[in-house]
Structure formats: structure tokens, C-alpha cells
Amino acid sequence: MDNMAKHHPDLIMCLKTKGLGIGKLCKNCSGKCPICDSYSKPFILVRICKSCFFGSLKLRCIICGSEGFSDAYYCKECVILEKDVENFVY
């Protein structure tokens, strides 16, 4: 859990295989990387598992839980460091 943003200590690791669902972000979190919270260089779409994409959860922000607005992207630095491969934060 050391790769999560320090001001989001309540987030837990999903530890399931990524699915076809695309993570969403609210208007306040739009543009942030869900791992490091940087606003720079959106690179790869965030894919989430079936459980996290089920029902009303698929329309929720993956960082704060508000109503989803835009697609979530991992930043280029997290992709290069392979933090996007480890497991999804939700």
C-alpha cells in the first residue's frame, strides 16, 4: 500500500485481475493519476475488475466515490515504474 497517495489512507487494494471496465473520476479529481495524484501526462486508461465495475460503482469516482465525470488515466511515470500493473487501488 505504499504506492498510494499519502492523503488517501482509507483506500484499499482490490487485488483482483483487471477487467474491461474503465475507471471514472469526478469533476474535482478529473485529471489526477489514481496512484500518485499527479496532474501530469495522462498515459493509459485505468481498467477495473468486474466487482468494482458492478452496479452503481461503475458510475462513481475511483478516488473519492463521488459521481463519475471523466475517464481515469495512469500518468506516464507510474506506467514506466509499472505501478499500474501491481493491482488497482479502490
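Is Cys26 buried or exposed? Cys26 is buried, with a relative accessible area of 4%; buried stands for under 20% relative accessible area, exposed for over 50% and partly exposed for what falls in between, using a 1.4 Å probe and protein chains only. The model is predicted, so local features need pLDDT of at least 70 and side-chain atom pairs count only at pLDDT 80 or more, while totals for chains, interfaces and linings use all residues. Residues are numbered from 1 along each chain as its sequence is written, and side-chain values use heavy atoms, with hydrogens and water left out.

The structure holds zero disulfides, a disulfide being a pair of cysteine sulfur atoms within 2.5 Å. For Cys26, the nearest cysteine sulfur is that of Cys64, at 3.5 Å. Cys61 is likewise in no disulfide, and its nearest cysteine sulfur, again that of Cys64, is 3.7 Å away. Cys61 is buried at a relative accessible area of 1%.

Both Cys26 and Cys61 are touched by Ser66, which also contacts Leu59 and Arg60, leaving aside residues up to four places away in sequence; contact means heavy atoms within 4.5 Å. Ser66 sits in the loop between strand E4 (47-48) and strand E5; helices (H or I, at least four residues) and strands (E, at least two) are DSSP runs numbered from the N terminus. With a relative accessible area of 33%, Ser66 is partly exposed.

In one of them, the side chains of Lys24 and Asp71 meet at 2.7 Å, N to O. Lys24 belongs to strand E2 and Asp71 to strand E5 (residues 70-71), so this pair ties together parts 47 residues apart in sequence. Lys24 is partly exposed at 25% relative accessibility, and Asp71 is partly exposed at 29%.

Lys41 forms a salt bridge with Glu77, with the closest N and O atoms 3.7 Å apart. Because Lys41 lies in the loop between E2 and E3 and Glu77 in helix H1 (residues 76-80), the pair ties together parts 36 residues apart in sequence. Glu77 is partly exposed, at 36% relative accessibility.

Lys32 is in the loop between strand E2 (24-25) and strand E3 (42-45). Lys32 is buried yet has no salt bridge, and the nearest side chain of opposite charge, Asp37, is 4.7 Å away; Lys and Arg count as positive, Asp and Glu as negative, and His and the chain ends are not counted.

How values were computed: Salt bridge = Lys/Arg side-chain N within 4 Å of Asp/Glu carboxyl O.
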